[in-house]
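Trainee: I would like to learn how to read a ligand site and a nonpolar core. Can we work through one example?

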Amino acid sequence: MTVASPQREIPVGEVVLALEGVSRVYGTEVQVRALDDVSLDIRAGEFLSIIGPSGSGKSTMLGLLGVLDLPTDGAIRVRGTDVTRLADAERSRLRGEAIGFVFQQFHLIPHLTALGNVETALLYRGLTPRERRSRAMSALEQVGLGERHDHRPVQMSGGEQQRVAIARAISTDPGVVLADEPTGALDSRNAENVMQIFADLQSPERAICIVTHDMDVADATRRRISMLDGKIVADEMLGGPSGGLAETGAGAGS
Ligand code: ADP
Ligand code: MG
């Protein structure tokens with residue numbers, strides 16, 4: 001996979017999302033410790049991937065980072081606030097403001113146009129319909145789909161559908177975009193295209209975090225976290241102008 005602007009030097013800022021000693025145990029009788037005492041800092045400006053074999057806990061960790069799930073133990077900090085201690089409504093509000101999520105299977109609403117799909121992320125935010133439309137259009141333009149705004153999912157390729165899902169995730173201007181296997185349902189050309197979109201969406205104000213089992217995808221990011229058996233086993237900086245691999249202490253698990 002060749003991504004034209006994969007590892008731009010983006011200044012890394014403050015911690016926007018953090019796990020502190022987070023564990024997640026599934027089940028009651030037969031228990032699975034899907035995540036085992038993991039700590040991780042994600043900073044503004046970072047472009048990182050999470051890799052590891054199937055069942056190593058990648059999706060569990062991303063779901064917790066995205067506050068789609070709650071841990072059995074530990075704290076999840078969104079811009080410093082431990083969301084595990086908040087009431088449901090407050091937690092949902094903070095998640096909606098801070099985090100955009102992209103799924104492997106796009107999760108678009110079939111009867112809505114691309115524009116309509118992006119607009120769904122902007123409901124209940126006190127925007128006028130006109131403001132909603134203009135923000136959704138601008139998000140679609142950022143992923144190169146401005147001209148296709150009136151197409152429905154069935155009229156688009158998988159790659160285009162995923163770009164609509166990315167537009168939906170960034171329409172609220174979140175500080176963090178989390179994506180679980182976003183290229184997993186795409187052929188290699190579309191996968192490359194989607195990774196290029198993520199690379200282009202990097203900014204000093206935004207962190208982008210991608211779960212993948214595809215090393216080509218991971219190689220297009222700047223920091224790579226490896227998981228095994230519910231733990232972080234490596235946390236590396238990739239390539240960049242200095243070249244080669246270097247260990248990073250920043251945010252490595254305990
Ligand atoms: P990955 O995304 O790396 O493939 P997951 O986070 O999906 O890994 O799963 C980690 C472990 O937790 C696996 O053993 C999986 O079977 C288990 N697991 C995941 N989700 C659930 C669930 N809802 N209920 C029970 N076990 C689960
Ligand atoms: Mg998974």
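Trainee: By class, how many nonpolar, polar and charged residues has the shell around ligand 1?

Mentor: In this scheme Ala, Val, Leu, Ile, Met, Phe, Trp, Tyr, Cys and Pro count as nonpolar, Asp, Glu, Lys and Arg as charged, and the others, Gly among them, as polar. Here the shell has four nonpolar, six polar and one charged residues. This is a predicted model, where local features need pLDDT of at least 70, side-chain atom pairs count only at pLDDT 80 or more, and totals for chains, interfaces and linings use all residues. Residues are numbered from 1 along each chain as its sequence is written, chains are lettered from A and ligands numbered from 1 in the order in which they are written, and side-chain values use heavy atoms, with hydrogens and water left out.

Trainee: Which residues surround ligand 1?

Mentor: A residue is near a molecule if one of its heavy atoms lies within 4 Å of it. Ligand 1 is surrounded by Y26, V32, A34, P53, S54, G55, S56, G57, K58, S59 and T60.

Trainee: Which element gives the most to the shell around ligand 1?

Mentor: Helices (H or I, at least four residues) and strands (E, at least two) are DSSP runs, numbered from the N terminus. The answer is α1, with three residues.

Trainee: How many residues has the largest nonpolar core?

Mentor: A nonpolar core is a set of buried (under 20% relative accessible area, 1.4 Å probe, protein chains only) Ala, Val, Leu, Ile, Met, Phe, Trp, Tyr and Cys residues joined through side-chain atoms within 4.5 Å. The largest has 37 residues, and L140, V164, I166, M195, F198 and I210 have the most contacts inside it. A second, separate core of 31 residues includes L64, L94, I99 and C209.

Trainee: Where is T221, and is T221 buried or exposed?

Mentor: T221 sits in the loop between α7 (215–219) and β9 (223–228). T221 is buried, at 0% relative accessible area. Its side chain makes a 2.9 Å polar contact with the side chain of S49 and reaches the backbone oxygen of A218 at 2.7 Å.

Technical notes. Buried < 20%, exposed > 50% of the residue type's maximum accessible area, 1.4 Å probe, protein only. Polar contact = N/O pair within 3.5 Å; in protein donor to acceptor, adjacent residues only side chain to side chain.
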